[in-house]
Every structure is written in structure tokens, then in C-alpha cells.
Amino acid sequence: MQEYFARLLQIGVTQHYGLAAGDWIRELRDLAKLMGFSFQYLNEG
């Protein structure tokens with residue numbers, strides 16, 4: 001959990017971020033692109 005929050009701080013997230021159960025990465029990336037949002041997947045790399 002400590003690594004998770006450290007990565008959030010590295011990205012520079014404010015108070016808005018989302019968590020989802022299951023594998024929704026493709027759909028969430030597509031939605032972020034359509035909406036013009038920044039998308040960061042914390043489990044990458």
C-alpha cells in the first residue's frame with residue numbers, strides 16, 4: 001500500500017482518481033482518451 005501511494009505522489013495526483021475491480025484497463029484508457037483525461041495505470045512497470 002505504501003508503494004501505491006508513493007506512485008500516486010510521483011504522478012502528482014490531486015484528489016481525483018479511480019479504482020476498479022476487474023480488468024477494465026482497455027475500456028478506461030479509451031474513455032480517458034475520449035474525455036481528454038490523463039490516464040495512469042499504477043500496476044504498470
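This is a predicted model: local features need pLDDT of at least 70, side-chain atom pairs count only at pLDDT 80 or more; totals for chains, interfaces and linings use all residues.
Residues are numbered from 1 along each chain as its sequence is written, and side-chain values use heavy atoms, leaving out hydrogens and water.

**Exercise 1.** Find how many helices and strands the protein chain has.

*Solution.* Start with the rule: helices are DSSP runs of H or I with at least four residues, strands are runs of E with at least two, and both are numbered from the N terminus. Going by that, the protein chain has two helices and zero strands. Phe5 sits in helix α1, residues 2-11, while Leu28 belongs to helix α2. Phe37 lies in the segment after α2 (25-35).

**Exercise 2.** Decide whether Phe37, Leu28 and Phe5 are buried, partly exposed or exposed.

*Solution.* First, the cut-offs: buried is under 20% relative accessible area, exposed is over 50%, and partly exposed is in between (1.4 Å probe, protein chains only). Next, take Phe37: its relative accessibility is 53%, so Phe37 counts as exposed. Then Leu28: its value is 35%, so Leu28 is partly exposed. Last, Phe5 has 41%, so Phe5 is partly exposed too. For the whole chain, 9% of the 45 residues count as buried.

**Exercise 3.** Work out how far apart Leu28 and Tyr41 are, in sequence and in space.

*Solution.* Along the sequence, Leu28 and Tyr41 are 13 residues apart. Now go C-alpha to C-alpha: the distance in space is 9.7 Å.
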